[in-house]
Amino acid sequence: MQANQCALKASLGLPVRAVLRRPAATAAPRRSVLAGAAAPAVGMPACPPQVGYLSDEERKELAEQFGFRSIGKELPDDVTLQDIIKSMPPEVFELNPWKSWSAVAIAISSFAFSLWLISVCPAPLLPFAWAFSGTAMTGWFVVGHDCGHRAFSKNKLVEDIVGTLMFMPLIYPFEPWRIKHNQHHAHTNKLVEDTAWHPVQKEVMDKWSPLERVLYKTFLGSPLKLWASIGHWWIWHFDLNKYTEAQKPRVIVSLAAVGLFMAVGWPLIVYYAGWWGLVKYWLMPWLGYHFWMSTFTVVHHTAPHIPFKPAGEWNAAKAQLSGTVHCDYPRWVEFLCFDINVHVPHHVMSKIPWYNLRAATDSLRQNWGEYMTEATFNWRMLKYIFTHCHVYDEKQNYVPFDFKKEEPFFAVQRKVLPESM
């Protein structure tokens, strides 16, 4: 074990002799962990290799530099996902119909209140009303999300109906989302097969047209990434060619449902409130919803120290427990979004209903907390996501789009975006 630590420290440029011969209390002053990593040609400091094998102190330092509260150590190879699932108390898997339906009531009432708020707000305050409304609209998605994971009711038909209805105002076809989202859960942080926030691969980037290069760099390499779920929504959920013949009938029903909302709901809004009303009461809240859709999911699965792995090296337990980030947000956001940010247990077992996620997280912290990554939503973490976590790199996990030569678009962001925690 000591030899492995020495080899790792040597690769990071840390003093090996101090590890072998000096007690910790008298060790020479230690360099920054990032100072020992391979120096990037441009951009933010790169992540050192094998972060999970660093000492507790070094991981604590690295967490602060990347914007996290904690970075977990490496999960032992012999731990399976079933081992982790079995460690949780059985009550976290139990469905409670009252709590499930209470979420429906809260989602509908909070969004209805937000529409009233928009209607009475003076123009200068509308952005605040839209922010609240978009957050309330995200609650509709979370209810449907539980339906898709079979964590809402014991009756699958009820789940399909509720999920479809809750997704309709979002113009999100329920069945296509359910199919592709389950693929994300089955292959979290697996190269090629994961469908959510997959890093760009260099060979793919080399094939981009000039227009594609501008679009991808703009929307995946800036704060606009917090609305990039709109692109994911459009690319993955409306193309029948992405689904098998057996899946297509249910997919078509979901597409018809959102088509019905567009054909009936939109004209009604325009009839009663005009075209500005469509923007005011639907489009702006919808954009607010996509802000949270993008933000939650990208923060859950994108970090400089969390690798995507090829299929032959992928480990389910490590991907779901250590490769998923727990992030805290303002409590009012967590309330309206039904704790979707309490995400690690959801990836360990997706059938845990939203109202049991906190208890499940407490259990995971007690048994596996030393292997988990946690954060509070902050600018430093986002800055790394915006300006560094772009392109897959086997050794460093990520390199930025401009890894060969720094580009002004990214250089400006690296200088002006805040780094506060």
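Author: The largest pocket has a volume of about 1,200 Å³. A pocket here is an open set of points on a 1 Å grid over the protein atoms alone, where a 1.4 Å probe fits, with protein on both sides within 12 Å along at least five of seven lines; lining residues have an atom within 4 Å of a point. The volume is the space filled by probe spheres set on the points, which are joined across faces, edges and corners. The model is predicted, and totals for linings use all residues, whereas local features need pLDDT of at least 70 and side-chain atom pairs count only at pLDDT 80 or more. Residues are numbered from 1 along each chain as its sequence is written, and side-chain values use heavy atoms, without hydrogens and water.

Of the 50 residues lining the largest pocket, Trp 197, Leu 220, Ala 228, His 232 and Trp 236 lie nearest its centre. Helices H6 (126-148), H8 (174-186), H10 (210-220), H11 (229-237) and H12 (248-301) each supply at least two lining residues, and H11 gives the most, with seven. Helices are DSSP runs of H or I, at least four residues, and strands are runs of E, at least two, numbered from the N terminus. The lining comprises 26 nonpolar, 18 polar and six charged residues; Ala, Val, Leu, Ile, Met, Phe, Trp, Tyr, Cys and Pro count as nonpolar, Asp, Glu, Lys and Arg as charged, and the others, Gly among them, as polar.

The second largest pocket, of about 730 Å³, is lined by 33 residues, with Gln 50, Glu 74, His 305, Pro 307 and Lys 309 nearest its centre. Helix H13 (316-322) supplies the largest share of that lining, three residues.
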